[in-house]
Amino acid sequence: MNNCTKTVQPQHRKQGINWTGTITDLVEFAYAALESKVFNDGDVEIKELIQDLCSKFNISQRLL
């Protein structure tokens with residue numbers, strides 16, 4: 001199974017919101033948000049958005 005279809009397991013589950021979907025789900029979420037211009041009125045690069053989402057949802061970026 002490749003990283004794109006694995007469910008993300010936070011290394012140390014933090015309180016609050018943790019991403020429990022797949023990496024593919026995260027990327028699709030990021031592109032949908034980018035297309036909808038819901039972050040910075042759309043003035044954000046996809047790489048920056050994904051890095052920020054990884055940080056906020058406790059996802060190891062080495063999975064990407």
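Modeller: A residue counts as buried when its relative accessible area is under 20%. Please keep in mind that this is a predicted model.

Biologist: Then is Asn 58 buried or exposed?

Modeller: Asn 58 has a relative accessible area of 15%. That value is under 20%, so Asn 58 is buried.

Biologist: Where does Asn 58 sit, and what does its side chain meet in a polar contact?

Modeller: Asn 58 lies in the segment after H2. Its side chain and that of Asn 18 are joined by a polar contact of 3.4 Å.

Biologist: Turning to the helices, at what angle do H1 and H2 pack?

Modeller: Helix H1, residues 23-36, packs against helix H2, residues 46-56, at about 125°, and their axes are 10 Å apart. The two helices are therefore oblique to each other. Their crossing is right-handed.

Biologist: Which residues make that contact?

Modeller: From H1, they are Leu 26, Val 27, Phe 29, Ala 30, Tyr 31, Ala 33 and Leu 34. H2 contributes Ile 46, Leu 49, Ile 50, Leu 53 and Cys 54. By class, the contact has 12 nonpolar residues, with no polar and no charged ones.

Biologist: What about Ala 33: buried or exposed?

Modeller: Ala 33, which is in helix H1, is buried, with a relative accessible area of 8%.

Biologist: And what does Ala 33 touch, beyond its neighbours within four places in sequence?

Modeller: Ala 33 is in contact with Val 38, Phe 39 and Leu 49. Leu 49 is 16 residues from Ala 33 along the chain, and their C-alpha atoms are separated by 9.1 Å.

Conventions. Residues are numbered from 1 along each chain as its sequence is written. This is a predicted model: local features need pLDDT of at least 70, side-chain atom pairs count only at pLDDT 80 or more; totals for chains, interfaces and linings use all residues. Side-chain values use heavy atoms; hydrogens and water are left out. Axes are lines fitted to C-alpha atoms, for helices over the stretch in contact, and angles run from 0 to 180 degrees between N-to-C directions. Helices (H or I, at least four residues) and strands (E, at least two) are DSSP runs, numbered from the N terminus. Angles under 35 degrees count as roughly parallel, over 145 as roughly antiparallel, 65 to 115 as roughly perpendicular and the rest as oblique. A crossing is left-handed if the near helix is turned anticlockwise from the far one by less than a right angle, and right-handed if clockwise. Contact means heavy atoms within 4.5 Å. Ala, Val, Leu, Ile, Met, Phe, Trp, Tyr, Cys and Pro count as nonpolar, Asp, Glu, Lys and Arg as charged, and the others, Gly among them, as polar. Buried means under 20% relative accessible area, exposed over 50%, partly exposed in between (1.4 Å probe, protein chains only). A polar contact is a pair of N or O atoms within 3.5 Å; within protein, one must be able to donate a hydrogen and the other to accept it, and residues adjacent in sequence count only if both atoms are side-chain atoms.
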